[in-house]
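Morning, everyone. Let me put the structure up.

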Amino acid sequence: RNDTDVEAGFGAQDSWKYFGDLVEAIEDKLSNAAVNTKHSSRPKHPCSITLFTTDTTFFAESDSASHAQGLENFWKRISPAFQSSTIAAVSIVIVGTKCDDIGDPTQVSSDDFRRSIQCINEIRRHINELSQSMNSSSEWVFDEWNGKPLVNLQLEYIEGTNISFQTLQQKYVQGSFYETYPNAHGRLSFDLPETIDGIMCSISLDLQYSTLTHSIDSNETLSLVKDMKRISALPSSNVEVIQSIPLSSVDSAMIYGVPMTARAGIDDDLSRYNEMKMLVRQMWKYLSSNDIGLVLRMRFEGANGHDDARSYSREEYFLLVCEQAVEKPCVPNNDSRYDRSEALGLTVATKHKSSCHGMLFRYASKGQMLRFVNEDEMDEDENSAEELQYQDYLERSIEMLATTGFNPLLL
C-alpha cells in the first residue's frame, strides 16, 4: 500500500488485524484443500507464510504499546494453525519506501528511521517473550516439536522503494506459483527458415510466465498452466516462422494474454546445450540490433471432448522478440538506492550487451478481430436528435483528456 492508500485513523492494531485475517484465510484454504484431496486434516508438510507491507503502512502508528497489544491478538489467532501443523512459520517483511515517497533519500528524517527501528526491536523482544511463555506453559503439548517454539514468527525490515517493493512481491508470487505447479514450465521448438544454401537450424526455448495476473488458486491461473502444457505438447512441425516484423509497426492492441519469457532450452547433453545457448544468443542479438520480431504460427490439433471422432485444427499467432536490455542509471557513490525519478532515467543498453532472454506474446488472429453481423439485427437510427445529443456530449467530454503515450512511471 502507498502512503495515499493509508486510511485516516489507521493504527498499529489495524495492521495486526489484517495480518491475522490473511493468515486465517490461508489456513482455511489449506484445510479445505486437504479435505478435498481426501488427505488428513493435518498436512504432512506445513506451509511457511510471508506477508509484505511497507513502513508507511506499518508505522502509520509507531506506538510500541499499541503494536504489543495488536501482536498479542495476532498471536492468539495464529496459534491454532501451528498446533494443527498447518503452518510452520510466518514472516512479516517490512519494506522501507518513505525515501521513495519523498523523492530524496537524504531527506528522510533520522528520527523517524530511529523510531521505526526502535519499534521493530520492541516488537521482536515481545515476540521472544510470548514464545518463551508458550514453551513454559503446561497446556501446550510439543514433544514432537523437539522443544522448538510452537509459534514461529519473524519480523524483518529491508530498505527499498515502491518499485522494488512491487518487484519483490512479484518474485514471491512467482516462486509460490511454481511450488504449486512445478510442471508449469514450457518448451517451444521450431525450425528457422532454410537459408539459400540449404542450411536449417532448430530452436528450442524454455518458457515461463513473466507475471501472474490472477491469484494462484484461481481457475484463470489453472487455465494458464493448461495452456502452457498445450504449447509444450506441440511438435516442431506445427510451429512455423511465417515472417519478421519491425517492432515499430507492431500494433500493441493486437497483443493480449500473459507474456512469457523465453531462454535457450536446457538439454541433458552439455555440448548440445552450449550450442543451443550460442544459437539462441545470436538470435536475440540479431532481433535486437535490427529492431524486429518473429511472427510464429502454431497449429493446434486434437479431438473434441464429446466426440472423439470429430477432430479440430486451430491456428494461433505469437510474437517472439528480444527482451529489452537496459542499463541502470548512475547514482551517487554514497547512496545505492533508486527513487522514482531515477527509474525514469533508464537507458537502453548497447548492442554488445543484448539480453540473453526473449519474450513471447500472443498476437490476435483474424477470428478474434472480425465480427460477422447477424442478418436479423435491426439497424438503429443513429441520426436521431437524441443520438446526436449524446454524440456532441461525448466529443466535448473526451476532448478534455490529454491524448498522449501512457507511461505508468510518470503517474
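So, to start: is R77 buried, exposed or partly exposed? Partly exposed, with a relative accessible area of 25%. Keep in mind that this is a predicted model.

Now, the partner. R77 makes a salt bridge with D21. Their closest N and O atoms are 2.6 Å apart. D21 is partly exposed too, at 29% relative accessibility.

Where do these two sit? R77 is in helix α3, residues 64–83, and D21 is in helix α1, residues 12–36, so the bridge ties together parts that are 56 residues apart in sequence.

Next, the overall count. How many salt bridges does the structure hold? The total is 15. I'll go through some of the others.

Take D267 and R272. They form a salt bridge, with 3.7 Å between the closest N and O atoms. That falls within the 4 Å cut-off for a salt bridge. D267 is partly exposed, at 28% relative accessible area. R272 is exposed, at 52%. The line for exposed is over 50%, so R272 gets that label.

Then R299 and E301. Their side chains meet in a salt bridge, 3.1 Å from N to O. R299 counts as partly exposed, with 30% relative accessibility.

Which residues are linked in a network of salt bridges? They are D227, R230, R314, E316 and R362.

To recap: there are 15 salt bridges in the structure. R77 and D21 form one of them. D227, R230, R314, E316 and R362 are linked in a network. Over to you for comments.

Definitions and conventions
Residues numbered from 1 in each chain as written. Predicted model: local features only at pLDDT ≥ 70, side-chain atom pairs only at ≥ 80, totals over all residues. Heavy atoms only, no water. Helix = DSSP H or I, 4+ residues; strand = E, 2+ residues; numbered from the N terminus. Buried < 20%, exposed > 50% of the residue type's maximum accessible area, 1.4 Å probe, protein only.
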